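Work through the exercises below with the structure open. Try each task before reading its solution.

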Amino acid sequence: MTGTVDDVAPFYRKCSVALVPELLGAGFKLKLLEAAAYGTAIVALKGAVTDDAFECGVHYLEVDSYEALVDAAIGLVDHGEQLKSLTTNARMLLDSRYTWEFSYQALMSAIDGARQ
């Protein structure tokens, strides 16, 4: 924990795994997209990831306790293939779903549905 920083990029460049250690609040949940954008693997407490697009075991790892959070992070660093797979999958999800075009299509679909 460092508090407020001007730029998070240097911190992401130094790490391989981002942790989501909370269940309430939106701050860490917004960091999921940020971590995916920086190519950082994600480990979260069970229930912390509420975005259905992110699939456990595909885009991130989910654990039951703070101790398991630390163990999973260390395990990912030791298992480069799993770390690479999670980061690649999360980035692909980000690139396909979190775009202006995707958002526009979802909005237009919702408007069309409301008209009917």
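**Exercise 1. Helix 4**

Task: Find how far helix 4 reaches from its first C-alpha to its last, and which of its residues are buried.

Solution. This is a predicted model. Start with the length. Helix 4 spans residues 80–97, which is 18 residues. From first C-alpha to last it reaches 26 Å, close to the 26 Å expected at 1.5 Å a residue.

Next, list the buried positions. They are L83, L86, T87, A90, L93 and L94. These residues cover an arc of only 125 degrees around the axis, so they sit on the same side of helix 4.

**Exercise 2. T87 and T40**

Task: State whether T87 is buried or exposed, and what T87 is in contact with beyond its neighbours within four places in sequence.

Solution. The side chain of T87 reaches the backbone oxygen of K84 at 3.0 Å. Leaving aside neighbours within four places in sequence, T87 is in contact with G39, T40 and A41.

Follow one of those contacts, T40. T40 lies in the loop between helix 2 (27–37) and strand 2. T40 is buried, with a relative accessible area of 1%. Not counting residues up to four places away in sequence, T40 touches Y12, C15, S16, V17, A18, A35 and T87.

**Exercise 3. Strand 2**

Task: Work out how many residues of strand 2 are buried, and which strands pair with strand 2.

Solution. Count first. Strand 2 covers residues 41–45, and five of the five are buried. Strand 2 is therefore largely enclosed by the rest of the structure.

Check each face. A41, V43 and L45 are buried on one side. I42 and A44 are buried on the other.

Then find the partners. Strand 1 (residues 17–20) pairs with strand 2 in the parallel sense, over four bridges. Here V20 stands opposite A44. Strand 3 (residues 61–63) also runs parallel to strand 2, joined by three bridges. The bridge partner of V43 in strand 3 is L61.

**Exercise 4. Aromatic pairs**

Task: Say how many aromatic pairs the structure holds, and classify each.

Solution. There are two aromatic pairs. Take Y12 and Y38. Their ring centres are 4.7 Å apart and their planes are at 5 degrees, so this pair is stacked. The pair links distant parts of the chain, 26 residues apart: Y12 is in helix 1, and Y38 is in the loop between helix 2 and strand 2. Y12 is buried at 12% relative accessible area. Y38 is partly exposed at 38%.

Now take F54 and Y98. Their ring centres are 6.4 Å apart and their planes are at 40 degrees, so the pair is tilted. F54 lies in the loop between strand 2 and strand 3, and Y98 in the loop between helix 4 and helix 5 (100–115). The pair therefore ties together parts that are 44 residues apart in sequence. F54 is buried, with a relative accessible area of 5%. Y98 counts as partly exposed, at 28% relative accessibility.

Methods
Residues are numbered from 1 along each chain as its sequence is written. This is a predicted model: local features need pLDDT of at least 70, side-chain atom pairs count only at pLDDT 80 or more; totals for chains, interfaces and linings use all residues. Side-chain values use heavy atoms; hydrogens and water are left out. Buried means under 20% relative accessible area, exposed over 50%, partly exposed in between (1.4 Å probe, protein chains only). Helices (H or I, at least four residues) and strands (E, at least two) are DSSP runs, numbered from the N terminus. Two strands pair if DSSP finds at least two bridges between them. The expected span of a helix is 1.5 Å times one less than its number of residues. The arc is that of the directions from the helix axis to the C-beta atoms. Contact means heavy atoms within 4.5 Å. A polar contact is a pair of N or O atoms within 3.5 Å; within protein, one must be able to donate a hydrogen and the other to accept it, and residues adjacent in sequence count only if both atoms are side-chain atoms. Rings of Phe, Tyr and Trp (its six-membered ring) pair if their centres lie within 6.5 Å; planes under 30 degrees apart count as stacked, over 60 as edge-to-face and the rest as tilted.
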